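User: I'm new to this structure and would like to go through it with you step by step. Could you put it up first?

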Amino acid sequence: MRAAVFLSPHHLTLTERPRPEASAEDDVLVEVEACGICGTDLHVLEDPPGHPGTPGVTMGHEFVGRVVEIGGAVRRVSAGDRVVIQANMQCNACEMCAEGYFNQCERMTTNGIFRDGGLAEFAVIPERGVHPIPDHLPAEVAALIEPLSCVVHGVRLLGLTPGEDAIVLGAGPIGLLFTAVFAANGARSITCVELSPERAALAHRMGATQVLTPGEYRERGRQAQVVVDAVGMLLPAAIDAARPGGRIALFGMNSQVAPPVKQFDITRKELTVIGTYVGSSSYPQAIALLDSGRLDLSPMITSVLPLEQTNEGLDRLRAGTEVKVIVQPRL
Ligand SMILES: [Zn+2]
Ligand SMILES: [Zn+2]
């Protein structure tokens, strides 16, 4: 089969690999329909890497496909079922897993980063990493379930209730997904703070009531009960944007930055600052939300490419001319 493999920095190597088999009892062999490329993939491919990754793996951690073959102990899915694959897989055996904090698993592994993923014609995933999805969802939209599950987890931690005002800092894929989910949750207003006019237009389509540049926000932006940093280094701006008693979710991640924080304001305004890391038990809810038809995520998908053009997709993402690139191996 054809696969896009991480061998050296900056690009993926398109190569032939033996088609994997469901050789373990809990293995599920999936024929990949669509796989999203994400910012994390770009970080893995940087030199030096901005995110760890195992050389030699087939990349791609946001994917959906159809079950072709199952191991003898698999119960939740059968051949022919359509599934989304969990990006991060817990061990189900460590202390954190025992306490239900699956996203804090001490032996967590990630498909497409530390073990083979979905930028290939086929992938083998243990049963605990697959979730059934409805047949009617277009494959390229269903490939967004992985990032959506992370955002659903974040919104759950934030506890946004109808009628609240929200501010989303950064309208990249994650900021746009927060915007869409807040809109579906009945937020009164959603202000996105974003520099790019293309992304601003998308934010409006996803349900933003207002999109301001950072400069415009400083001039005339209002505070909100709920603030999301979808970039990973904007805590100081998020503290300013939060109303007294407000909640801030820190979603984006950047281990290289340490912004100066005015702790006084957190205390004085009684703010709650929440870290939200990947997803945890949030796939079923993300699937149900997409199934409901309340979210139209299709405007976020700016390109659908065949596997052979994966590197082109990576280049365009680096250049900032794309929001979400989806690869379809069978295209
Ligand atoms: Zn991702
Ligand atoms: Zn564990």
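User: Which residues does Glu121 touch, not counting residues up to four places away in sequence?
Analyst: Glu121 touches Met1, Arg2, Val30, Glu31, Val32, Pro329 and Arg330, where contact means heavy atoms within 4.5 Å. Before going on, please note that this is a predicted model, in which local features need pLDDT of at least 70, side-chain atom pairs count only at pLDDT 80 or more, and totals for chains, interfaces and linings use all residues. Residues are numbered from 1 along each chain as its sequence is written, chains are lettered from A and ligands numbered from 1 in the order in which they are written, and side-chain values use heavy atoms, with hydrogens and water left out.

User: Is Glu121 buried or exposed?
Analyst: Glu121 counts as buried because its relative accessible area is 12%; buried means under 20%, exposed over 50% and partly exposed in between, using a 1.4 Å probe and protein chains only. Glu121 sits in the loop between strand E7 (109-110) and strand E8 (122-126), with helices (H or I, at least four residues) and strands (E, at least two) being DSSP runs numbered from the N terminus.

User: And what does the side chain of Glu121 make a polar contact with?
Analyst: The partner is the side chain of Arg330, at 3.0 Å. A polar contact is a pair of N or O atoms within 3.5 Å; within protein, one must be able to donate a hydrogen and the other to accept it, and residues adjacent in sequence count only if both atoms are side-chain atoms.

User: Switching to metals, what coordinates the zinc ion (ligand 1)?
Analyst: Cys38 (SG), His61 (NE2) and Glu62 (OE) coordinate the zinc ion (ligand 1) at 2.1 to 2.4 Å. Donors are N, O and S atoms within 2.8 Å of the metal (3.2 Å for Na, K and Ca), and water is not among the atoms, so sites may look incomplete.

User: Where are Cys38 and Glu62 in the chain?
Analyst: Cys38 is in the loop between strand E3 (27-37) and helix H1 (39-45), while Glu62 is in strand E4 (residues 62-70), 24 residues apart. Both Cys38 and Glu62 are buried.

User: Which protein donors does the zinc ion (ligand 2) have?
Analyst: The protein donors of the zinc ion (ligand 2) are Cys91 (SG), Cys94 (SG), Cys97 (SG) and Cys105 (SG), lying 2.4 Å from it, and their spacing along the chain is C-x2-C-x2-C-x7-C.

User: Are Cys91 and Cys105 buried or partly exposed?
Analyst: Cys91 has a relative accessible area of 22% and is therefore partly exposed, whereas Cys105, at 8% relative accessibility, counts as buried.

User: How is the protein divided into domains?
Analyst: The domain assignment gives domain 1 (2-144 + 297-328) and domain 2 (149-275), with bounds that come from an automatic or database domain assignment. Their centres, taken over C-alpha atoms, are separated by 28 Å, and the contact takes 7 residues from domain 1 and 9 residues from domain 2.

User: Last one: where is Thr276, and what does Thr276 touch?
Analyst: Thr276 is in the loop between strand E15 (272-275) and helix H10 (283-291), and is buried because its relative accessible area is 4%. Not counting residues up to four places away in sequence, Thr276 touches residues including Cys150, His153, Ala249 and Phe251.
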